[in-house]
Amino acid sequence: MDRTVAKQIARYLVSAEEDRQEVSRITLEHPELSVEDGYQIQEELVLIKLEAGYEIVGPKMGLTSQAKMKQMNVNEPIYGYVFNYMVATGQEISMRDFIHPKVEAEIAFVLGKDIEGSGVTGAQVLAATEYVLPALEIIDSRYENFQFTLPDVIADNASSSKVVFGTKLGRPNDFELDLVGVTLSINGKIKDLGAGAAVVGHPAHSVAMLANMLARKGLKLKAGQTILTGGITGAVMLHVGDAVSAKFDGLGTVDFRVT
Ligand code: OOG
Ligand code: MG
(Lines give C-alpha, C1' and ligand atoms only; values in the text may rest on other atoms or scores of the structure.)
(Ligands and ions follow the chains in the order given, each with its own letter.)
Protein backbone atom coordinates (compact mmCIF):
# COMPACT_ATOMS: atom_id res chain seq x y z
CA MET A 1 0.00 0.00 0.00
CA ASP A 2 0.96 3.63 -0.38
CA ARG A 3 3.50 4.57 2.31
CA THR A 4 1.85 7.92 3.05
CA VAL A 5 -1.45 6.20 3.80
CA ALA A 6 0.27 3.54 5.94
CA LYS A 7 2.04 6.26 7.94
CA GLN A 8 -1.17 8.22 8.37
CA ILE A 9 -3.02 5.17 9.72
CA ALA A 10 -0.07 4.37 12.03
CA ARG A 11 -0.24 7.91 13.44
CA TYR A 12 -4.01 7.52 13.98
CA LEU A 13 -3.37 4.38 16.06
CA VAL A 14 -0.47 5.91 18.02
CA SER A 15 -2.67 8.90 18.91
CA ALA A 16 -5.44 6.58 20.07
CA GLU A 17 -2.92 4.83 22.34
CA GLU A 18 -1.48 8.10 23.67
CA ASP A 19 -4.90 9.66 24.25
CA ARG A 20 -6.37 6.42 25.66
CA GLN A 21 -9.23 6.97 23.29
CA GLU A 22 -10.86 4.12 21.39
CA VAL A 23 -11.23 4.63 17.65
CA SER A 24 -13.10 3.02 14.75
CA ARG A 25 -11.32 0.05 13.31
CA ILE A 26 -9.39 0.93 10.19
CA THR A 27 -10.99 -1.73 7.94
CA LEU A 28 -14.30 0.15 8.23
CA GLU A 29 -12.78 2.98 6.22
CA HIS A 30 -10.32 0.78 4.28
CA PRO A 31 -12.11 -2.56 3.73
CA GLU A 32 -9.52 -3.61 1.15
CA LEU A 33 -6.68 -3.86 3.68
CA SER A 34 -4.85 -7.22 3.67
CA VAL A 35 -2.80 -8.91 6.38
CA GLU A 36 0.32 -7.68 4.52
CA ASP A 37 -1.02 -4.12 4.64
CA GLY A 38 -1.62 -4.58 8.37
CA TYR A 39 2.08 -5.42 8.82
CA GLN A 40 3.12 -2.47 6.67
CA ILE A 41 1.14 -0.15 8.96
CA GLN A 42 2.64 -1.90 12.01
CA GLU A 43 6.15 -1.26 10.62
CA GLU A 44 5.35 2.44 10.35
CA LEU A 45 3.99 2.39 13.90
CA VAL A 46 7.23 0.75 15.11
CA LEU A 47 9.26 3.46 13.33
CA ILE A 48 7.23 6.19 15.06
CA LYS A 49 7.98 4.59 18.47
CA LEU A 50 11.69 4.19 17.68
CA GLU A 51 11.88 7.81 16.51
CA ALA A 52 10.27 8.81 19.81
CA GLY A 53 13.22 7.13 21.56
CA TYR A 54 11.55 3.92 22.74
CA GLU A 55 13.33 0.59 22.50
CA ILE A 56 12.11 -2.83 21.47
CA VAL A 57 12.13 -5.41 24.29
CA GLY A 58 11.20 -8.09 21.79
CA PRO A 59 8.63 -9.12 19.26
CA LYS A 60 5.65 -11.05 20.64
CA MET A 61 3.28 -13.63 19.29
CA GLY A 62 -0.48 -13.30 19.60
CA LEU A 63 -3.57 -15.36 18.88
CA THR A 64 -1.57 -18.57 19.28
CA SER A 65 -4.13 -20.54 21.32
CA GLN A 66 -7.57 -21.84 20.42
CA ALA A 67 -8.91 -19.95 23.46
CA LYS A 68 -7.65 -16.66 22.03
CA MET A 69 -8.56 -17.31 18.41
CA LYS A 70 -12.10 -18.25 19.39
CA GLN A 71 -12.44 -15.31 21.75
CA MET A 72 -11.28 -12.79 19.14
CA ASN A 73 -12.91 -14.51 16.19
CA VAL A 74 -9.77 -14.76 14.06
CA ASN A 75 -7.96 -17.78 12.76
CA GLU A 76 -4.22 -17.24 12.60
CA PRO A 77 -1.34 -16.18 14.83
CA ILE A 78 0.07 -12.69 14.48
CA TYR A 79 3.05 -10.81 15.86
CA GLY A 80 3.65 -7.38 17.29
CA TYR A 81 6.28 -5.64 19.43
CA VAL A 82 6.73 -4.96 23.14
CA PHE A 83 8.56 -1.68 23.86
CA ASN A 84 10.47 -0.71 26.99
CA TYR A 85 7.82 1.80 28.08
CA MET A 86 5.31 -1.06 28.26
CA VAL A 87 7.17 -3.03 30.93
CA ALA A 88 5.52 -2.46 34.31
CA THR A 89 7.98 -1.55 37.05
CA GLY A 90 5.81 -1.95 40.14
CA GLN A 91 3.02 -4.16 41.40
CA GLU A 92 0.33 -1.61 40.61
CA ILE A 93 -1.11 -0.49 37.31
CA SER A 94 -3.49 2.41 36.89
CA MET A 95 -6.73 2.05 34.98
CA ARG A 96 -6.06 5.59 33.73
CA ASP A 97 -3.31 4.22 31.46
CA PHE A 98 -5.75 2.15 29.43
CA ILE A 99 -8.91 2.20 27.32
CA HIS A 100 -10.42 -1.22 28.15
CA PRO A 101 -7.58 -3.49 29.32
CA LYS A 102 -7.61 -7.27 29.46
CA VAL A 103 -5.02 -9.58 31.02
CA GLU A 104 -3.65 -12.90 29.79
CA ALA A 105 -1.09 -15.36 31.14
CA GLU A 106 1.92 -16.15 28.97
CA ILE A 107 5.31 -17.82 29.00
CA ALA A 108 8.19 -15.58 27.89
CA PHE A 109 11.56 -16.57 26.42
CA VAL A 110 14.82 -14.64 26.87
CA LEU A 111 17.17 -15.41 24.01
CA GLY A 112 20.86 -16.05 24.55
CA LYS A 113 21.54 -16.30 20.82
CA ASP A 114 20.10 -14.87 17.62
CA ILE A 115 17.58 -17.03 15.77
CA GLU A 116 17.57 -16.48 12.08
CA GLY A 117 16.19 -17.96 8.95
CA SER A 118 13.26 -19.99 7.73
CA GLY A 119 12.49 -23.53 8.83
CA VAL A 120 13.39 -22.78 12.47
CA THR A 121 12.23 -25.53 14.86
CA GLY A 122 11.17 -25.56 18.50
CA ALA A 123 14.34 -27.51 19.36
CA GLN A 124 16.49 -24.76 17.82
CA VAL A 125 14.58 -22.18 19.83
CA LEU A 126 15.15 -24.08 23.09
CA ALA A 127 18.86 -24.33 22.30
CA ALA A 128 19.04 -20.54 21.74
CA THR A 129 17.05 -19.69 24.89
CA GLU A 130 18.78 -18.50 28.02
CA TYR A 131 15.74 -18.35 30.31
CA VAL A 132 12.01 -18.76 30.38
CA LEU A 133 9.85 -16.72 32.71
CA PRO A 134 6.16 -16.21 33.44
CA ALA A 135 4.36 -13.04 32.39
CA LEU A 136 1.02 -11.31 32.50
CA GLU A 137 0.37 -9.33 29.37
CA ILE A 138 -2.14 -6.49 29.48
CA ILE A 139 -3.61 -5.94 26.06
CA ASP A 140 -5.63 -2.85 25.20
CA SER A 141 -6.96 -2.78 21.66
CA ARG A 142 -7.32 0.75 20.42
CA TYR A 143 -10.52 -0.27 18.63
CA GLU A 144 -14.07 0.27 19.81
CA ASN A 145 -15.43 -2.68 21.81
CA PHE A 146 -12.13 -4.54 21.37
CA GLN A 147 -13.40 -5.73 17.97
CA PHE A 148 -11.24 -6.15 14.91
CA THR A 149 -10.26 -8.22 11.89
CA LEU A 150 -6.73 -9.54 11.38
CA PRO A 151 -5.42 -6.52 9.39
CA ASP A 152 -6.85 -4.19 12.09
CA VAL A 153 -5.20 -5.92 15.03
CA ILE A 154 -1.87 -6.39 13.23
CA ALA A 155 -1.76 -2.66 12.38
CA ASP A 156 -2.56 -1.94 16.04
CA ASN A 157 0.64 -3.71 17.15
CA ALA A 158 -1.34 -6.77 18.28
CA SER A 159 -3.08 -4.74 21.03
CA SER A 160 0.21 -4.47 22.99
CA SER A 161 0.00 -2.21 26.00
CA LYS A 162 1.80 -3.46 29.13
CA VAL A 163 3.60 -6.49 30.53
CA VAL A 164 4.26 -7.60 34.08
CA PHE A 165 7.08 -10.13 34.18
CA GLY A 166 7.57 -12.69 36.93
CA THR A 167 10.85 -12.69 38.80
CA LYS A 168 11.63 -16.41 38.67
CA LEU A 169 13.82 -17.35 35.73
CA GLY A 170 13.82 -20.98 34.60
CA ARG A 171 16.26 -22.82 32.37
CA PRO A 172 14.30 -23.98 29.32
CA ASN A 173 15.43 -27.59 29.56
CA ASP A 174 14.38 -27.91 33.19
CA PHE A 175 10.73 -27.81 32.09
CA GLU A 176 8.35 -29.53 29.79
CA LEU A 177 6.92 -26.19 28.81
CA ASP A 178 3.94 -27.74 27.04
CA LEU A 179 2.92 -29.33 30.35
CA VAL A 180 3.39 -26.28 32.53
CA GLY A 181 -0.01 -25.56 34.07
CA VAL A 182 -1.24 -22.01 34.60
CA THR A 183 -4.13 -20.53 36.56
CA LEU A 184 -5.25 -16.93 36.17
CA SER A 185 -7.13 -15.54 39.17
CA ILE A 186 -8.74 -12.24 39.97
CA ASN A 187 -9.60 -11.39 43.58
CA GLY A 188 -8.98 -14.98 44.58
CA LYS A 189 -11.26 -16.56 41.95
CA ILE A 190 -9.88 -18.60 39.06
CA LYS A 191 -11.00 -16.94 35.83
CA ASP A 192 -9.22 -19.23 33.39
CA LEU A 193 -6.57 -21.93 33.29
CA GLY A 194 -4.51 -23.86 30.81
CA ALA A 195 -1.15 -25.41 30.00
CA GLY A 196 1.74 -24.40 27.76
CA ALA A 197 0.53 -26.80 25.06
CA ALA A 198 -2.41 -24.43 24.42
CA VAL A 199 0.10 -22.23 22.58
CA VAL A 200 0.50 -23.92 19.18
CA GLY A 201 1.37 -27.21 20.90
CA HIS A 202 4.43 -25.83 22.72
CA PRO A 203 5.55 -22.27 23.54
CA ALA A 204 8.91 -22.91 21.82
CA HIS A 205 6.98 -23.68 18.65
CA SER A 206 5.40 -20.22 18.90
CA VAL A 207 8.87 -18.62 18.97
CA ALA A 208 9.88 -20.78 15.99
CA MET A 209 6.81 -19.60 14.08
CA LEU A 210 7.75 -16.02 14.95
CA ALA A 211 11.30 -16.52 13.66
CA ASN A 212 9.89 -17.95 10.44
CA MET A 213 7.41 -15.09 10.02
CA LEU A 214 10.18 -12.53 10.59
CA ALA A 215 12.49 -14.35 8.16
CA ARG A 216 10.01 -13.61 5.37
CA LYS A 217 10.69 -9.92 6.05
CA GLY A 218 14.46 -10.42 6.25
CA LEU A 219 14.33 -9.96 10.04
CA LYS A 220 15.58 -12.15 12.89
CA LEU A 221 15.17 -12.71 16.60
CA LYS A 222 18.08 -11.26 18.55
CA ALA A 223 20.07 -12.35 21.58
CA GLY A 224 18.81 -10.46 24.63
CA GLN A 225 15.26 -10.06 23.37
CA THR A 226 12.40 -11.18 25.61
CA ILE A 227 9.61 -12.77 23.63
CA LEU A 228 6.00 -13.30 24.69
CA THR A 229 4.68 -16.50 23.16
CA GLY A 230 0.95 -15.67 23.30
CA GLY A 231 -1.87 -16.00 25.79
CA ILE A 232 -2.37 -19.51 27.16
CA THR A 233 -5.64 -18.46 28.75
CA GLY A 234 -8.39 -16.34 27.28
CA ALA A 235 -7.97 -12.65 28.08
CA VAL A 236 -9.92 -11.35 31.09
CA MET A 237 -11.31 -7.80 31.39
CA LEU A 238 -9.73 -5.69 34.16
CA HIS A 239 -11.46 -3.32 36.60
CA VAL A 240 -10.31 -0.92 39.28
CA GLY A 241 -9.62 -2.84 42.49
CA ASP A 242 -8.75 -6.14 40.81
CA ALA A 243 -5.96 -8.17 42.39
CA VAL A 244 -4.61 -10.27 39.54
CA SER A 245 -2.51 -13.34 40.10
CA ALA A 246 -1.23 -16.03 37.76
CA LYS A 247 0.38 -19.21 39.09
CA PHE A 248 2.70 -21.13 36.79
CA ASP A 249 3.77 -24.66 37.77
CA GLY A 250 7.47 -24.45 38.66
CA LEU A 251 7.82 -20.86 37.45
CA GLY A 252 6.20 -19.04 40.33
CA THR A 253 3.53 -16.39 40.53
CA VAL A 254 3.00 -13.06 38.79
CA ASP A 255 0.82 -10.52 40.58
CA PHE A 256 -0.42 -6.99 40.21
CA ARG A 257 -3.19 -4.78 41.43
CA VAL A 258 -5.35 -2.41 39.39
CA THR A 259 -5.83 1.03 40.91
C1 OOG B 1 -4.64 -9.46 20.14
C2 OOG B 1 -3.44 -9.65 20.99
C3 OOG B 1 -3.07 -11.06 21.08
C4 OOG B 1 -2.17 -12.83 22.51
O5 OOG B 1 -1.39 -13.22 23.38
O6 OOG B 1 -2.97 -13.58 21.97
C7 OOG B 1 -2.12 -11.42 22.13
C8 OOG B 1 -5.86 -9.33 20.99
O9 OOG B 1 -6.37 -10.36 21.47
O10 OOG B 1 -6.32 -8.21 21.18
O11 OOG B 1 -1.34 -10.68 22.69
MG1 MG C 1 -0.53 -11.69 24.43
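The questions and answers that follow concern this predicted model.

Me: Where does UniProt place the feature "domain: Fumarylacetoacetase-like C-terminal", and how far apart do the end C-alpha atoms of that span lie?

Reply: The feature comes from an unreviewed UniProt entry, which places it at residues 78-258. This span is 14% helix and 36% strand. Its end C-alpha atoms lie apart by 27 Å.

Me: Which elements give two or more residues to the shell around ligand 1?

Reply: Ligand 1 is surrounded by 14 residues, the closest being Gly-62, Lys-68, Ser-159, Gly-230 and Gly-231. Two elements each contribute two or more residues to this shell: helix 4 (66-72) and strand 5 (129-139).

Me: Is Leu-63 buried or exposed?

Reply: Leu-63 lies in the loop between strand 1 (56-62) and helix 4. It has 24 C-beta neighbours inside 10 Å. The cut-off for a buried residue is 20 or more, so Leu-63 counts as buried.

Me: What is the phi of Phe-146?

Reply: Phe-146 is placed in the loop between strand 5 and helix 6 (150-155), and it counts as buried because it has 20 C-beta neighbours inside 10 Å. Most residues other than glycine have a negative phi. Phe-146, a residue other than glycine, has a positive phi, near 60°.

Me: What is the phi of Leu-63?

Reply: Leu-63 is a residue other than glycine, yet its phi is positive. The value is near 55°.

Key: Residues numbered from 1 in each chain as written. Chains lettered and ligands numbered in written order. Predicted model: local features only at pLDDT ≥ 70, side-chain atom pairs only at ≥ 80, totals over all residues. UniProt positions renumbered as here; feature names shortened; annotations may be inferred. Helix = DSSP H or I, 4+ residues; strand = E, 2+ residues; numbered from the N terminus. Near = placed C-beta within 6 Å. Buried ≥ 20, exposed ≤ 12 C-beta atoms within 10 Å, placed from the backbone.
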